Amino acid sequence: MMGRMIAMKTIRIHITALLIALTCLGISFVSWRAHNHYRIKAPSVSRRPIAVIDAGHGAFTDWGLLDYGATHYGIREADVTIQVTNRLCESLESNGWIAVTTRDGEFTPLNLIERSHLASHIGADVFVSIHTNSFRSPHPNGLSVHYWGDESEQLAQMMQAILCKRLGMKDRGIVKQPLTALVWASTSAVLVELGFISNPREAQRLANETFQRKAANAIAEALTLWIRSKCNESQPCF
Ligand SMILES: [Zn+2]
């Protein structure tokens with residue numbers, strides 16, 4: 001009797017083991033099917049390009065103060081850059097991009113290096129930092145696009161040309177400059193100086209909603225033209 005009970009118990013254990021094995025096999029098959037389905041379908045779908053937009057300033061300094069950038073005539077650079085960034089993200093999304101920001105409010109915990117690293121961490125196609133220029137004297141004016149890596153020069157040229165045309169501003173040209181946010185970027189990266197906040201006329205324009213929207217649309221237009229100019233087999237047009 002005792003021997004029969006042990007035999008029954010052994011059979012039950014074997015049946016349980018068999019059921020577990022069959023379940024595992026089933027799960028493996030389903031995930032294999034899913035994986036292969038994904039591998040077959042993925043290459044034919046064109047990927048939406050990703051842009052990381054950096055609203056300049058808005059981080060704490062080493063002295064524990066919030067960095068608002070340059071402030072003139074009651075207008076803070078950090079406020080202008082976040083307003084342009086928000087409008088730029090809207091414009092990019094409506095042009096088929098995925099837009100990611102390094103700051104979506106008054107403050108960001110990311111320092112300059114972490115901001116540009118964000119682009120490579122998420123596999124972005126481009127990093128764009130938005131700033132306004134400033135000088136001791138109120139006279140300088142105009143717009144410039146800054147870059148560092150040679151692979152970013154074409155983008156800088158396209159963006160400078162389109163921005164000057166759409167905004168009717170003085171063309172200060174593109175500038176190759178080892179700025180922290182650009183040097184650490186491992187993707188195409190530009191920094192836009194959207195005019196001089198120290199110039200009273202340009203400061204008023206920078207704070208104006210219509211100007212901000214026009215600037216955002218021009219940057220989105222330049223980015224879209226640039227990414228489409230790079231279409232090829234491995235990066236299909238979107
Ligand atoms: Zn700045």
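Two residues are in contact here if their C-beta atoms, placed from the backbone, lie within 7 Å. With that in mind, welcome to this predicted model. Among contacts in the protein between residues at least 6 apart in sequence, 79% join residues at least 24 apart. The protein has 238 residues, of which 36% are buried, and its secondary structure comes to seven helices and eight strands.

**The sheet**

- Six strands make up an open sheet with mixed pairing, and their order is β4-β1-β5-β8-β6-β7.
- At the edges stand β4 (98-101) and β7 (171-176); each has a single partner strand, so one side of each is left without a neighbour in the sheet.
- On average, and ignoring direction, neighbouring strands of this sheet are turned by 20° against each other.
- Strand β1, which covers residues 50-55, pairs with β4 in the parallel sense over four bridges.
- Within that part of the sheet, A51 stands opposite A99 in β4.
- Helix α3 (residues 112-121) packs on the sheet, where it touches β1, β5 and β8 (188-196).
- The direction of helix α3 makes about 170° with that of β1.

**The nonpolar core**

- The largest nonpolar core holds 52 residues.
- Four of its residues touch the most other members: A51, M159, V190 and I219.
- Helix α7 (residues 209-229) gives this core its largest share, nine residues.

**A closer look at F135**

- Where does F135 lie? F135 has its place in the loop between β5 (126-133) and β6 (143-147).
- F135 counts as partly exposed because it has 14 C-beta neighbours inside 10 Å, while a residue needs 20 or more to be buried and 12 or fewer to be exposed.
- Not counting residues up to four places away in sequence, F135 touches P140, F196 and S198.
- The C-alpha atoms of F135 and A70 are separated by 9.2 Å, although these two residues are 65 residues apart along the chain.

Key:
Residues are numbered from 1 along each chain as its sequence is written. This is a predicted model: local features need pLDDT of at least 70, side-chain atom pairs count only at pLDDT 80 or more; totals for chains, interfaces and linings use all residues. Helices (H or I, at least four residues) and strands (E, at least two) are DSSP runs, numbered from the N terminus. A nonpolar core is a set of buried Ala, Val, Leu, Ile, Met, Phe, Trp, Tyr and Cys residues joined through C-beta atoms within 7 Å. Two strands pair if DSSP finds at least two bridges between them. Axes are lines fitted to C-alpha atoms, for helices over the stretch in contact, and angles run from 0 to 180 degrees between N-to-C directions.
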